[in-house]
Amino acid sequence: MRILLSNDDGIHAPGLAVLEEIARGLTDDLWICAPAEEQSGAGHSLTLNHPVRLHQHDERRFSVTGTPTDSVNLAMRKLFADGKQPDLVISGVNRGENLGDDITYSGTVSAAMEAALAGIPAIALSQAMRDAEASFAATQEWGAKVLAPLIDTPMAKRTLINVNFPSCAADQVQGIRVVRQGFHDYARGSLIEGEDPRGKPYFWFGLHDMEHTADHGTDLEAVSDGYIAITPLQLDLTNYPAIDDIAGRFAS
């Protein structure tokens, strides 16, 4: 099985090292292509207004001067001289959870989205980090146990799986829940205002002060309760129930 790893925290991120260790227990045909620098919050963005560069670090390790989407896209186009595409793309392990509507901002999830668009099974992994003592311990202990069944799970085209590990010691993980995507109550994070040395105002989006209600059966609730949250996602955003209603408003 050929596996491609990527992320949004960058080629030197500790979470990618954790994922590589887990993935080497799954295959010998392992490739890595990740952003050269951190791209958190990049979402599913593709670089169009300037060139990106591909740097080779060793035989199967590469970095890209662009986004997670660029990294996966370029990997599929340029890395595999034998023409064989990856059987699986795994993105992560992100430092911080990607829950609820945060997935729309997430470069980690978007790397998996890019693979899914190409018809390749894809999984995104994130580790919640709720305090200064937080680590990747839960992912290190549970990662292989979570991935093994998922690898054998048939995935429909344009779908992917989002996995979030709770912020706790490995032996405190309560188990695994397969849940739906939750939603936050308010706009994401805080807004910090300041003034630069030249007296010009600037704005900096913060990551704290996020408020949400952990509705029952959601990824937000599961991780809050100490469970690993597995959420199947689809890239078809169509609101099917609304089609007939809106079409009727334009009927002659």
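This is a predicted model: local features need pLDDT of at least 70, side-chain atom pairs count only at pLDDT 80 or more; totals for chains, interfaces and linings use all residues.
## Exercises on strands and helices

A hairpin of two residues joins strand 3 to strand 4.

**Exercise 1.** Find how strand 4 is paired, and state whether its residues are buried or exposed.

*Solution.* 
1. Strand 3 and strand 4 run antiparallel and are joined by four bridges. Leu-54 stands opposite Val-64 of strand 4.
2. Strand 2 and strand 4 run parallel, again with four bridges. Here Phe-62 in strand 4 is the bridge partner of Cys-33.
3. In a regular strand, side chains alternate between the two faces of the sheet.
4. In strand 4, Arg-61 and Ser-63 lie on one side, and Phe-62 and Val-64 on the other. These residues are all buried, and both faces of the strand are covered.

**Exercise 2.** Which strands does helix 1 touch, and how many of its residues are buried?

*Solution.* 
1. The buried residues of helix 1 are Gly-15, Leu-16, Val-18, Leu-19, Glu-20, Ile-22 and Ala-23.
2. These buried residues pack against strands 1, 2, 4, 5 and 6, and against helix 4.
3. Seven of the ten residues of helix 1 are buried, so helix 1 is largely enclosed by the rest of the structure.

**Exercise 3.** Describe the packing of helix 2 with helix 3.

*Solution.* 
1. Two packed helices are described by the angle and the distance between their axes.
2. The axes of helix 2 (residues 68-78) and helix 3 (residues 107-117) come within 8 Å and cross at roughly 30°.
3. An angle under 35 degrees counts as roughly parallel, so helix 2 is roughly parallel to helix 3.
4. The crossing of helix 2 and helix 3 is right-handed.
5. Helix 2 contributes Pro-68, Thr-69, Val-72, Asn-73 and Met-76 to the contact, and these meet Gly-107, Ser-110, Ala-111, Glu-114 and Ala-115 in helix 3.
6. The contact residues divide into five nonpolar, four polar and one charged.

Conventions: Residues are numbered from 1 along each chain as its sequence is written. Side-chain values use heavy atoms; hydrogens and water are left out. Axes are lines fitted to C-alpha atoms, for helices over the stretch in contact, and angles run from 0 to 180 degrees between N-to-C directions. Angles under 35 degrees count as roughly parallel, over 145 as roughly antiparallel, 65 to 115 as roughly perpendicular and the rest as oblique. A crossing is left-handed if the near helix is turned anticlockwise from the far one by less than a right angle, and right-handed if clockwise. Contact means heavy atoms within 4.5 Å. Ala, Val, Leu, Ile, Met, Phe, Trp, Tyr, Cys and Pro count as nonpolar, Asp, Glu, Lys and Arg as charged, and the others, Gly among them, as polar. Buried means under 20% relative accessible area, exposed over 50%, partly exposed in between (1.4 Å probe, protein chains only). Two strands pair if DSSP finds at least two bridges between them.
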